Amino acid sequence: MKTEALLEQICEAVREAGELIRSSHSVEEVKAKEGAANFVTKYDSMVQKFLIERLTALVPDASFIGEEDGYSEGRIAEGKTFIIDPIDGTTNFICGFPVCGICVGLAERGRAEIGVVYNPYREELFAARRGGGAFLNGKPIKLADHRLSEGVLCMDTAPYTPEIRKESFERLLKLSYLCMDMRSVGSAALSICYVACGRSAAYLSPRLCVWDYAAASVILTEAGGMITGWDGNELGLTTGVSVLTGTPKAHQEILDSKILD
Ligand code: IPD
Ligand code: CA
Ligand code: CA
């Protein structure tokens with residue numbers, strides 16, 4: 001199947017998965033996972049299972065990395081690997097805060113080639129394939145190259161590793177004086193997509209897993225944005241990394257400020 005057609009099919013599967021989230025009435029059976037304040041619900045598993053079935057039918061020889069149910073240890077294969085976060089923003093989901101993203105990335109030979117991130121509550125679907133541009137609900141998105149002082153800075157707290165929070169907040173305090181204001185969306189993937197569509201100038205997190213950012217990274221770079229580690233180096237597709245994203249200008253300003261060194 002051609003990449004363009006495959007992207008369409010992935011978008012369809014992700015939209016259908018969104019229905020599972022929208023039709024959830026109460027979030028019973030919240031289970032704790034490894035780390036602080038790290039939870040999983042039956043919907044995380046349900047959405048991941050649904051996606052694995054649908055995506056296997058589309059690309060039978062693909063491997064899977066997913067956040068839930070034993071898929072997190074998977075490796076990026078030489079061939080095709082789907083990277084799934086069934087609900088990015090589980091804490092929001094549990095609290096009834098209507099902001100979360102269903103994320104599907106497709107990597108080939110270690111590079112993310114396709115990315116789809118869907119917020120089922122706002123029915124906003126971000127999609128991109130490498131070299132094919134980025135889209136929000138079918139309309140092309142290209143970011144305006146805002147400076148940090150011209151936009152908001154989104155951040156995450158690394159909720160599951162509280163031991164790094166103090167240091168991280170000290171850096172964030174310094175950065176807060178360089179931007180219009182700070183925001184915390186509660187979904188890393190959507191935060192990255194918000195940079196892509198111009199809602200924020202930059203986003204950073206001290207610690208993300210590959211399923212948090214793989215899909216969104218394609219959307220961001222296709223929209224003209226930057227994604228690196230806090231050291232400014234290329235990220236690759238790995239887990240447990242600090243992530244800095246932004247418009248080219250805001251990304252460079254943050255690196256130049258040396259606040260993340
Ligand atoms: C989390 C969200 C959150 C970020 C955490 C992620 P999850 O994903 O993206 O915004 O701060 O680091 O783990 O656990 O809800 O899929
Ligand atoms: Ca996540
Ligand atoms: Ca998740």
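**View 1. Three aspartates hold the calcium ion (ligand 2).** In this predicted model, Asp85 (OD), Asp88 (OD) and Asp212 (OD) coordinate the ion at 2.1 to 2.2 Å. Donors here are N, O and S atoms within 2.8 Å of the metal (3.2 Å for Na, K and Ca), and water is not among the atoms, so sites may look incomplete. Along the sequence, the donor residues follow the spacing D-x2-D-x123-D. Aspartate 85 has a relative accessible area of 0% and is buried (buried: under 20% relative accessible area, 1.4 Å probe, protein chains only). Aspartate 88, at 6%, also counts as buried.

View 2. Glutamate 67 sits in the loop between β3 (63–66) and β4 (80–88), while aspartate 85, 18 residues away, belongs to strand β4 (strands are DSSP runs of E, at least two residues; helices are runs of H or I, at least four; both are numbered from the N terminus). Glutamate 67 is buried, like aspartate 85.

**View 3. Leu173, Tyr177 and Leu178 make a nonpolar surface patch.** Together they have about 340 Å² of accessible area (Shrake-Rupley method, 1.4 Å probe, only the protein chains shown counting as cover). Patch residues have over 30% relative accessible area and no salt bridge, with nonpolar side chains (Val, Leu, Ile, Met, Phe, Trp, Tyr) joined within 5 Å; a salt bridge is a side-chain nitrogen of Lys or Arg within 4 Å of a carboxyl oxygen of Asp or Glu. Leucine 173 lies in helix α4 (residues 165–176).

**Notes for all views.** Residues are numbered from 1 along each chain as its sequence is written, with chains lettered from A and ligands numbered from 1 in the order in which they are written. Local features need pLDDT of at least 70 and side-chain atom pairs count only at pLDDT 80 or more, while totals for chains, interfaces and linings use all residues; side-chain values use heavy atoms, leaving out hydrogens and water.

Technical notes
Buried < 20%, exposed > 50% of the residue type's maximum accessible area, 1.4 Å probe, protein only. Patch = residues over 30% accessible without salt bridge, like charges linked within 9 Å, V, L, I, M, F, W, Y side chains within 5 Å.
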